[in-house]
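Keep the viewer open as you read.

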Amino acid sequence: MVCRIPLVLTGCVALWLALVSFLALPRSGKAQSGEHGKELFEKRCTGCHALDKEKEGPRLRGVYGRTSGTVTSFQYSEALKTAHITWDAASLDKWLADPEKFVPDSDMAFQIVRAEERTDIIAYLKQLPSN
């Protein structure tokens with residue numbers, strides 16, 4: 001009986017380690033193809049943004065590579081107009097993580113806390129055709 005308890009515990013520890021290892025593996029190519037990023041974009045961003053028209057925020061098709069504050073049909077905060085940021089993976093990640101810290105007085109209050117979600121949304125925006 002004494003010998004069984006360590007075996008059971010060893011089995012539980014092995015199962016736990018296997019589960020942790022599995023969860024730590026990179027996800028499939030779904031995020032790289034932009035599918036997951038599209039789902040997240042639709043869930044997290046479309047309350048204020050659309051791809052092809054202005055809403056509360058500017059349209060986001062073509063944002064990757066664009067300079068901040070340059071969609072002429074949208075009225076940006078003075079902070080974004082003068083920031084002259086080129087939106088790439090690094091700048092979009094900082095922006096989505098904490099817009100107020102990245103560009104104070106920018107008028108965007110929404111944050112995406114999880115780095116994986118930011119990465120997937122950025123991958124989606126990057127792969128979109130310009131028009």
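The side chain of Ser77 reaches the backbone oxygen of Ser106 at 3.3 Å. That makes a polar contact, defined as a pair of N or O atoms within 3.5 Å; within protein, one must be able to donate a hydrogen and the other to accept it, and residues adjacent in sequence count only if both atoms are side-chain atoms. Before going on, note that this is a predicted model, where local features need pLDDT of at least 70 and side-chain atom pairs count only at pLDDT 80 or more, while totals for chains, interfaces and linings use all residues. Residues are numbered from 1 along each chain as its sequence is written, and side-chain values use heavy atoms, with hydrogens and water left out.

So where does Ser77 sit? Ser77 lies in the loop between H3 and H4 (helices are DSSP runs of H or I, at least four residues, and strands are runs of E, at least two, numbered from the N terminus). Ser77 is buried, with a relative accessible area of 8%; buried means under 20%, exposed over 50%, and partly exposed in between, using a 1.4 Å probe and protein chains only. Leaving aside residues up to four places away in sequence, Ser77 touches Asp105, Ser106 and Asp107, a contact being heavy atoms within 4.5 Å.

Asp105 deserves a look of its own. Its phi is positive, about 65°, although Asp105 is not a glycine. Most residues other than glycine have a negative phi. Asp105 belongs to the loop between helix H6 (99-102) and helix H7 (115-127), and is exposed, with a relative accessible area of 56%. His84 also has a positive phi, near 55°. You'll find His84 in the loop between helix H4 (78-83) and helix H5 (89-97), exposed at a relative accessible area of 59%.

Now for helix H3, residues 35-44, whose buried residues are Gly37, Leu40 and Phe41. Seen down the H3 axis, these fall within an arc of 105°, so they line one face of the helix; the arc is that of the directions from the helix axis to the C-beta atoms. H7 is included in what covers them.

The largest pocket has a volume of about 600 Å³. Of the 31 residues lining the largest pocket, the closest to its centre are His49, Gly57, Pro58, Trp95 and Met108. A pocket here is an open set of points on a 1 Å grid over the protein atoms alone, where a 1.4 Å probe fits, with protein on both sides within 12 Å along at least five of seven lines; lining residues have an atom within 4 Å of a point. H5 gives the most to this lining, with three residues.

Methods
Grid points are joined across faces, edges and corners, and a volume is the space filled by probe spheres set on the points.
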